[in-house]
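Subject: A structure for you to look at

Hello,

Here is the structure I promised to pass on to you. Please open it first, and then read on with it beside you.

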Amino acid sequence: MVAIAFYSINGQTKCFIDKMQLEAHQISDAKPKFDMGQKYILIVPAYQDFMLDSVVDFLTYKDNKNNIIGIIGCGNRNFNDLFAQTAKKIAATLKVPILYLLEFSGTSEDVKNVRKIVHDFSTGESTKKIQKPKELRGNISFLSDFRD
């Protein structure tokens with residue numbers, strides 16, 4: 001099974017992880033530096049950049065930046081272009097695909113879709129069919145620490 005790492009500030013992202021019933025590493029503010037040691041999918045909420053220092057610390061630790069294979073973003077569609085902004089920015093900066101976007105803690109359909117994405121990566125099935133969500137547009141700048 002492909003590994004999963006996630007960050008949750010208000011509990012919505014953790015709630016989604018709990019619904020999926022898959023093992024996942026929670027990035028903590030107290031100890032963000034954790035070596036995933038394998039390929040993984042990152043699931044993040046949408047917050048202002050300064051609130052995500054722990055995610056930056058996690059990504060820049062050891063090979064985590066190189067082992068990320070895709071991102072799933074959570075957010076609130078009422079925020080329009082800011083919906084899932086963290087996922088969009090990290091994806092653009094690290095040049096990895098956004099695999100899925102969901103609102104709040106996700107629906108049962110979101111759980112089904114994300115579980116399929118994890119399964120497909122885990123079994124080596126083609127993920128080329130993954131299309132960029134319609135919300136991906138506009139200029140994105142973030143995490144200058146990651147730029148080569």
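Helix α1 and helix α5 (residues 108–123) pack at an angle of about 70°, and their axes are 10 Å apart. Angles from 65 to 115 degrees count as roughly perpendicular, so that is how α1 and α5 lie to each other. You can find the contact by its residues: α1 brings Phe 16, Lys 19 and Met 20, while α5 brings Asp 110, Val 111, Val 114 and Arg 115. By class, four residues of this contact are nonpolar, three are charged and none is polar.

Next, the largest pocket. It holds about 280 Å³ of space. Its lining has 16 residues, and Ala 46, Tyr 47, Gly 75, Asn 76 and Phe 79 are the closest to the pocket's centre. Two elements, α1 (12–20) and β4 (68–75), each give two or more residues to the lining, so you will meet α1 here again. The lining has nine nonpolar and seven polar residues, but no charged ones.

One thing to keep in mind is that this is a predicted model. The mean pLDDT of the protein is 83, with 84% of residues at 70 or more. Over residues 135–148, however, pLDDT stays under 50. For that stretch the model has 29 contacts beyond four places in sequence.

Enjoy exploring!

Terms used. Residues are numbered from 1 along each chain as its sequence is written. This is a predicted model: local features need pLDDT of at least 70, side-chain atom pairs count only at pLDDT 80 or more; totals for chains, interfaces and linings use all residues. Side-chain values use heavy atoms; hydrogens and water are left out. On a 1 Å grid over the protein atoms alone, a cavity is a set of points where a 1.4 Å probe fits but cannot get out, and a pocket is an open set with protein on both sides within 12 Å along at least five of seven lines; lining residues have an atom within 4 Å of a point. Grid points are joined across faces, edges and corners, and a volume is the space filled by probe spheres set on the points. Helices (H or I, at least four residues) and strands (E, at least two) are DSSP runs, numbered from the N terminus. Ala, Val, Leu, Ile, Met, Phe, Trp, Tyr, Cys and Pro count as nonpolar, Asp, Glu, Lys and Arg as charged, and the others, Gly among them, as polar. Axes are lines fitted to C-alpha atoms, for helices over the stretch in contact, and angles run from 0 to 180 degrees between N-to-C directions. Angles under 35 degrees count as roughly parallel, over 145 as roughly antiparallel, 65 to 115 as roughly perpendicular and the rest as oblique. Contact means heavy atoms within 4.5 Å. pLDDT is the predictor's confidence in each residue, from 0 to 100.
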